Amino acid sequence: MTNTDSDNSREWAAQAYALLKKRQEEQKQELQKQEELQKQEELEKQEELEKQEELEKQEELEKQEEFIDIADKENIAGQSKTIAESELGEFDDNFTWSAMVLAAQGKKINQISIDEIDWLTKLRKGLEETRKGFVTELLDKLGDDPLTPESLDDLETLLIRADVGINSTDKVISSLRTKLNEEVVGGEAGIKFLKKELKLIIDKPIKNSGSDLLVPQKGMLNVWLLVGVNGVGKTTTLGKLAYLSSKSNYKTLIAAADTFRAAAVEQLKVWGDRSNVDVISNQSKNADPAAVVFDAINSAKKRNVELLLVDTAGRLQTKNNLMDELAKIKKIIDKKVPDAIVESLLVLDASQGQNGLKQAKSFAKSADLSGAIITKLDGTSRGGVSLAVSEEVNLPIRFIGAGEGIKDLRPFNSYEFVEAMLADK
């Protein structure tokens, strides 16, 4: 990028920042008005209550106190479900980079939201460890010099170290060698070409699936099974999906079918409460997961639910037991709701690198997977495993997580991911 391009980008980002700041101030003012109105209403109610207290007899006092106590508890419960709005941060390189990524995808200045900026900033920071051991070193070696066969050898090593995978690495390096034989490729052009090649790898299984973005179909029952081994963040991911779905105005329900892990049901109930989504569960010890799904489907049909999220067991006595349990659950779904749209999504922990890739291959053979969700991208140097999953397991990546917050799971966007992974210093 030339200095002129950089100046123009920063000016565009500055305009976007000013607009967002103005919008945020207007929202704060509106919120203050609402709060003042609410306080006034509460004051009037309090005054009314005080008048009632004076008029009522002593024997009515206990009932009145009970009413006040219940109202307080309801207020506390309501507060626990409130999710804090994203705050506009500083106008810095992270904001400018995030704004330009959105602009490159056709977003206009007045279409950018704080939530989008916040997410892209987290994604860029989350992939920092991957980038440190990959892009930073690559840029230091390349500088402004043209690519050479030796620099391609270095790139090959860096890609493998980032857990991009052998197949993906071979494909990228072969394409670069071909281009190098045809023309002189400078460092900046080499990075641009690399981004294009990595995006092609990630996009291939997504395009083959026939759906660029995985969303529930309105007016129908969609059943999403979340599968994966314990410890990858499966239950947490389901909770975040529930929030995302509920916020997107889909009628959502959760089935707590991981009955073999004691804490899973309680954990899901907390997430369900935060997302305002009901959880169907069975409190019996080692309850039948398929029975929970059976009950959840009945409930979903009665409520006209559009998305049923099913948490499944991550580890049983043997791998065969796990796969048999998944098959049993799918059989129940096929029998009870044959017209439902079913997705089996594998949750993978990015920090596990090649171990995660092995899990993906194992589940893909037995669990009839339709997509992957990559979690814990923040703080790992192995973010490249996403490419290996796309290339070697042919799984479309549907969602990615980069953070612990309820908003820190988003639909996967290959352009944003590659730009974050290869963002320069």
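Predicted model: local features only at pLDDT ≥ 70, side-chain atom pairs only at ≥ 80, totals over all residues.
Residues are numbered from 1 along each chain as its sequence is written, and side-chain values use heavy atoms, with hydrogens and water left out.

The pairing of β1 with β5 is parallel and runs over six bridges, two strands being counted as paired if DSSP finds at least two bridges between them; strands (E, at least two residues) and helices (H or I, at least four) are DSSP runs numbered from the N terminus. Within this pairing, Leu225 stands opposite Ser344 of β5. Strand β1 (residues 222–227) also pairs in the parallel sense with strand β4 (residues 307–311), over five bridges, and here Trp224 stands opposite Leu309. Six of the six residues of β1 are buried, that is, under 20% relative accessible area with a 1.4 Å probe and protein chains only. Asn222, Trp224 and Leu226 point one way from the strand, and Val223, Leu225 and Val227 the other way.

Two cavities of 30 Å³ or more are found in the structure, a cavity being a set of points on a 1 Å grid over the protein atoms alone where a 1.4 Å probe fits but cannot get out, with lining residues having an atom within 4 Å of a point. The second largest cavity holds about 40 Å³ of space, and its lining includes Ser86, Trp119 and Arg410. Helix α4 (residues 114–126) contributes the largest share of this lining, four residues.

Methods:
1 Å grid on protein atoms, 1.4 Å probe; cavity = no way out; pocket = protein on both sides within 12 Å on 5 of 7 lines; lining within 4 Å. Points joined across faces, edges and corners; volume = space filled by probe spheres on them. Buried < 20%, exposed > 50% of the residue type's maximum accessible area, 1.4 Å probe, protein only.
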